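This report is written for someone meeting the structure for the first time. It moves through helices, backbone angles, contacts and cores in turn.

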Amino acid sequence: MKTLKKFILGEGFNKASASIFAVVIGLIFGFIILMVSNRTEAVEGFRIILNGGFSTGAKGTGQVLYFATPLILTGLSVGFAFKTGLFNIGAPGQFIMGAFAAIYIGVKWTFLPAPFHWIVALVAAAIVGGLWALIPGILKAYMNVHEVISTIMMNYIGMYLANFLTKSYVFDSTKALSQNVANSAVLPKGGLDYVFFNQLGSLKDLSTVNSGIYIAIVIAIIMYLIINKTTFGYELKACGFNQNASKYAGINAKRNVVLSMVIAGMLSGLGGGLLFLSGASGRHIKVVDELAMEGFNGIPVALLGLSNPIGIIFAAIFISYITVGGNFLQTLNFAPEVIDIIIACIIYFSAFALYFRRLIPWLIKRGRGDKE
Amino acid sequence: MNILYLVVQQTMFFSIPLLIVALGGVFTERGGVTNIALDGMMIIGAFAGIFFINQMEGQITGQLLLIMAILIAAATGMVFSLFHAYASVNMKSDQIISGTALNMFAPAFAIFVARMVQPNGVQQIQFANTFRIPSVPVLGDIPIIGGLFFQNAYITTYLGFIILIISVIVLYKTKFGLRLRACGEHPHAADSVGINVYKMRYAGVLISGALAGIGGLVFVIPTSTNFNETVSGYGFLALAVMIFGQWKPLRVLFAAFFFGLMKTVASAYSVIPILATAPIPSDIYKMVPFIATLIVLAFSSKASQAPRAVAIPYDKGSR
């Protein structure tokens with residue numbers, strides 16, 4: 001009993017319950033929206049959202065993991081920047097620039113043999129993403145430009161630049177999409193094709209998921225170790241808590257600001273690479289004037305995962321799960337944007353997290369009538 | 001000469017919404033609340049206003065319809081901004097996170113409603129642009145100046161200047177303005193002399209919501225005949241205009257014109273002879289205002305005069 005009490009009043013549980021609270025309120029709000037717009041089909045629509053990727057069997061589950069892969073990376077990107085006191089709202093730009101770099105190498109550098117081809121493409125995606133974040137990092141450290149504004153500008157510049165470069169170099173004009181990458185640049189399936197498929201007669205209807213999800217999880221673990229177990233991570237966190245104190249302690253704060261932006265950018269860029277190096281059935285750059293949703297969704301993922309890399313893995317799978325579910329809403333004539341509304345509500349209510357964290361222990365104490 | 005007229009008129013179309021929204025930003029930040037949700041508030045305001053025009057086109061026409069739509073856009077933006085005010089004032093939450101949530105909510109909500117309400121789930125909202133004034137009586141006939149400022153104009157252009165003048169008066173010549181600025185600089189001092197900081201901050205955010213709503217509508221009307229639930233990142237540019245204008249209304253005016261000109265170059269290059277023949281694709285032009293913003297910010301942020309308490313939730317108990 002004592003341990004249970006300790007657990008419930010402990011920090012971890014307390015923080016996680018605030019996230020769950022935000023999710024529940026977000027979902028309730030989504031349900032209300034469905035009710036208002038079409039009362040008769042609202043319950044069925046909400047069931048579809050909750051069913052998420054599971055409603056199309058093993059393949060659907062695979063799709064959830066496929067779309068969770070970039071979200072883990074962009075979530076790590078935003079979360080890592082949070083830990084160091086920066087708000088990286090620039091994940092969409094870093095993500096799409098990384099994606100373009102991966103696709104360019106995937107299409108053009110066919111002289112590379114199989115395993116090296118996709119490895120080089122991924123490394124390039126991370127480097128380009130990192131470079132895209134280097135500019136706001138330098139502007140923040142040396143010119144006092146707030147990173148929120150500069151990364152937003154970099155998002156739009158990145159979106160237009162990626163569209164322009166895609167149209168100029170790797171465009172498939174019949175489909176109005178970026179070209180398929182060469183087979184040697186497609187990430188290997190890594191055994192996932194034996195699990196995530198639907199049997200259609202004698203055919204296997206494969207999910208797009210590939211070993212990208214393994215890479216994402218490994219990167220999350222590496223980030224966990226860097227943040228919690230290295231001097232470097234400690235210094236970055238110290239800068240996040242109090243820049244003046246860390247300067248006084250002899251930490252080079254400016255260098256750390258630049259470095260943590262670059263690492264955040266590399267994570268987002270890599271996310272772009274992992275999503276787009278996935279063969280003909282996978283995602284392609286659509287060359288429309290829209291910021292990449294995978295980048296923005298890194299923000300709710302980081303908030304729900306409490307900027308903890310392991311929490312981020314689960315948060316990414318959750319966000320991907322309801323997004324995949326949302327796409328099936330169209331069968332009921334509901335616009336799938338209701339998912340974005342739900343996600344926006346979740347972000348909004350996670351901003352209240354501080355308040356909830358004080359509220360929950362208070363409620364528990366009051367519920368017991370203060371017997372001690 | 002015709003090209004010059006065209007460029008100036010176009011610059012107005014882009015500058016005026018920037019001016020209005022950036023002034024909204026000045027009010028909220030001078031009160032101590034940062035509002036990156038200006039973009040979302042523009043979308044919601046434009047959505048409500050355009051939808052109203054779309055529905056009422058048959059019954060009312062001309063300038064009256066436009067004025068009613070502007071009022072509706074302002075009211076909607078204001079109501080929407082209540083969420084931001086509640087989160088940042090009462091709940092003391094991170095204002096950037098709350099703003100991000102609203103920025104995500106606005107387009108999703110607008111698209112959702114448009115698709116649910118319109119037949120066949122159409123996303124774009126069509127409207128007929130009957131609001132252009134070919135030439136303002138008397139003033140439009142003045143040589144040069146008439147051509148520059150009083151032909152092919154919208155009442156929204158003049159509305160922008162009226163809002164500017166009112167903003168200057170309210171911020172610098174009224175008790176309210178002084179109190180609002182005090183809450184953004186040193187809320188504890190303001191509180192100690194009996195100013196209700198919460199109320200003042202609410203007022204700042206609500207004004208920004210109303211102005212952003214108007215700005216959204218003013219942005220859409222001259223440049224398009226259908227609304228696609230986006231203002232192409234204009235709210236963020238307005239934030240940059242506010243910073244470049246150092247939170248001062250008159251400097252904001254110049255900043256807005258600078259960005260408006262950039263945007264005009266980006267969108268009207270095909271009618272400017274030298275630029276039209278240059279082999280530069282449209283995507284590059286679209287990047288121009290954003291690149292210009294970055295460069296300008298890099299050089300103007302070092303000596304930033306941001307309100308000192310901006311983005312810090314006010315907690316009576318803290319020191």
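The model discussed here is a predicted one. Along its course, α3(B) bends by about 25 degrees at His84(B), and after the helix comes Lys92(B), whose phi is positive, near 50 degrees.

A helix of chain A can be read in the same manner. Helix α4 of chain A runs over residues 57–83, and its 27 residues, at 1.5 Å a residue, should span 39 Å, so the 37 Å between its end C-alpha atoms agrees with the expectation. The bend in α4(A) is about 30 degrees and sits at Ala68(A), with a proline, Pro70(A), following within four residues. Of the 27 residues of α4(A), 24 are buried, so the helix is largely enclosed by the rest of the structure. Gly85(A), with a positive phi near 80 degrees, follows α4(A).

Most residues other than glycine have a negative phi. Against that background, two residues in loops of chain B deserve attention. Asn120(B), which is not a glycine, has a positive phi of about 65 degrees, and it lies in the loop between α4 and β1 (125–126) of chain B. Glu229(B), also a residue other than glycine, has a positive phi near 60 degrees and is found in the loop between β4 (226–227) and α10 of chain B. Are these two residues buried or exposed? Asn120(B) is exposed, because 5 other C-beta atoms lie within 10 Å, whereas Glu229(B) counts as buried, because it has 23 C-beta neighbours inside 10 Å.

| Residue | Phi |
|---|---|
| Gly85(A) | near 80 degrees |
| Lys92(B) | near 50 degrees |
| Asn120(B) | about 65 degrees |
| Glu229(B) | near 60 degrees |

Turning to the division of chain A, domain 1 takes in 1–38 + 334–372 and domain 2 takes in 55–323. The centres of domain 1 and domain 2 of chain A, taken over C-alpha atoms, are separated by 28 Å, and 9 residues from domain 1 of chain A meet 9 residues from domain 2 of chain A in the contact. On the side of domain 1 of chain A that touches domain 2 of chain A, the elements giving two or more residues are α2 (11–37) and α15 (337–350) of chain A, and α15(A) gives the most, with 6 residues. That side of domain 1 of chain A has 6 nonpolar, 2 polar and 1 charged residues.

Between the chains, 39 residues of chain B are in contact with 36 residues of chain A. The elements that give two or more residues to the side of chain B are α4 (95–117), α10 (234–244) and α13 (282–300) of chain B, with α4(B) giving the most, 13 residues. By class, this side of chain B divides into 25 nonpolar, 8 polar and 6 charged residues.

The largest nonpolar core has 222 residues, and those touching the most other members are Ala102(A), Ile347(A), Leu18(B), Ala22(B), Ala46(B) and Val241(B). At least three residues of this core come from each of domain 1 and domain 2 of chain A. Leaving aside residues up to four places away in sequence, Ala22(B) touches Ala238(B), Val241(B), Met242(B), Gly245(B), Val252(B) and Ala256(B). A second, separate core of 7 residues includes Leu180(B), Ala182(B), Val197(B) and Met200(B).

Conventions: Residues numbered from 1 in each chain as written. Chains lettered and ligands numbered in written order. Predicted model: local features only at pLDDT ≥ 70, side-chain atom pairs only at ≥ 80, totals over all residues. Domains from an automatic or database assignment. Contact = placed C-beta atoms within 7 Å. Nonpolar A, V, L, I, M, F, W, Y, C, P; charged D, E, K, R; others polar. Expected span 1.5 Å × (residues − 1). Bend = angle between axes of the 7 residues up to and from the residue. Buried ≥ 20, exposed ≤ 12 C-beta atoms within 10 Å, placed from the backbone. Core = buried A, V, L, I, M, F, W, Y, C linked by C-beta atoms within 7 Å.
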